[in-house]
Every structure is written in structure tokens, then in C-alpha cells.
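Hi,

Here is the structure I said I would pass on. Have a look first, and my notes follow below.

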Amino acid sequence: MACPKKKTSHRKQHQRRAKWIAFLPNLAKCSNCGEPYISHNACISCGYYNGREYVKALPRKKQKATA
Ligand SMILES: [Zn+2]
């Protein structure tokens, strides 16, 4: 079995773990409704992908007007 030759220093350990950060997915604008959607995925708000409806999108719940 492979055995590490040297102990990983605290600095190297932190440098490696620093890469584990949350990232935002690439967002594109929907050609059908104009809402931002995750590229290479069907639009969440209208269910369209590449100009065709693939997923029946659920009707959005109307927000209650707070007066
Ligand atoms: Zn859309």
C-alpha cells in the first residue's frame, strides 16, 4: 500500500481544503420567459429547453399582498 513520505503540513492541508467553496452555477437567460435558469437544464419557471417544452412547470403560487 502507498505510504505518504512526509506529514502533510497545516499550510498544505488548508490550501487543499480552501478549494472546497460553494460556487454559483452558470446562469443563462431563458429564451421563452426571460428568467435566469441553470444552463443545460430546463427552465424552472416555464419548463422550456432549447425552444421546446420538456417539463410542465407548476403554476407559481401568488404571493399574498401584505398591506
Ligand atoms: Zn423559461
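Let's start at His40, which sits in the loop between β2 and β3. Helices (H or I, at least four residues) and strands (E, at least two) are DSSP runs here, numbered from the N terminus. Before I go on, please keep in mind that this is a predicted model, in which local features need pLDDT of at least 70 and side-chain atom pairs count only at pLDDT 80 or more, while totals for chains, interfaces and linings use all residues. Residues are numbered from 1 along each chain as its sequence is written, and side-chain values use heavy atoms, with hydrogens and water left out.

Back to His40. Its phi is near 65°, a positive value in a residue other than glycine. As a reminder, most residues other than glycine have a negative phi. His40 counts as exposed because its relative accessibility is 68%; buried means under 20% relative accessible area, exposed over 50%, and partly exposed in between, with a 1.4 Å probe and protein chains only. Asn50 also has a positive phi, near 55°. You will find Asn50 in the loop between β3 and β4 (52-53), and at 71% relative accessibility it is exposed as well.

Now the overall layout. The protein has one helix and four strands, and from the N terminus on they run α-β-β-β-β. Of its 67 residues, 7% count as buried.

Which residues hold the zinc ion? The protein donors are Cys30, Cys33, Cys43 and Cys46, each through its SG atom, at 2.2 to 2.3 Å from the zinc ion. Donors here are N, O and S atoms within 2.8 Å of the metal (3.2 Å for Na, K and Ca), and water is not among the atoms, so sites may look incomplete. The angles among the four donor atoms are 106 to 114°, and the site is tetrahedral. (Four donors count as tetrahedral if all angles lie between 85 and 135 degrees; four count as square planar and six as octahedral if opposite donors are over 155 degrees apart and all others between 65 and 115; anything else is irregular.) Along the chain, the donors follow the spacing C-x2-C-x9-C-x2-C. Cys30 lies in the loop between β1 (27-29) and β2 (36-38), and Cys46 in the loop between β2 and β3 (48-49), so this pair ties together parts that are 16 residues apart in sequence.

Are these two cysteines, Cys30 and Cys46, buried or exposed? Both are buried, with Cys46 at a relative accessible area of 13%. Cys43 is buried too, at 4%. As for disulfides, a disulfide being a pair of cysteine sulfur atoms within 2.5 Å, the count comes to zero.

On to the surface. Leu27, Ile38 and Ile44 form a nonpolar patch with about 310 Å² of accessible area together. Patches are made of residues with over 30% relative accessible area and no salt bridge, joining like charges within 9 Å and nonpolar side chains (Val, Leu, Ile, Met, Phe, Trp, Tyr) within 5 Å. The areas come from the Shrake-Rupley method with a 1.4 Å probe, and for residues only the protein chains shown count as cover. Ile38 belongs to strand β2 and is partly exposed, because its relative accessibility is 34%. Ile38 and Pro25 are 13 residues apart in sequence and 6.5 Å apart in space, C-alpha to C-alpha. Pro25 is in the loop between α1 (10-17) and β1, and at 37% relative accessibility it is partly exposed.

How many salt bridges does a search of the whole structure find? There is one, in which the side chains of Glu53 and Lys56 meet at 3.9 Å, N to O. The rule asks for a side-chain nitrogen of Lys or Arg within 4 Å of a carboxyl oxygen of Asp or Glu. Glu53 is partly exposed at 37% relative accessibility, whereas Lys56 is exposed at 70%. Lys56 is in the segment after β4, and its C-alpha atom is separated by 9.5 Å from that of Ser45, eleven residues away along the chain.

Cheers
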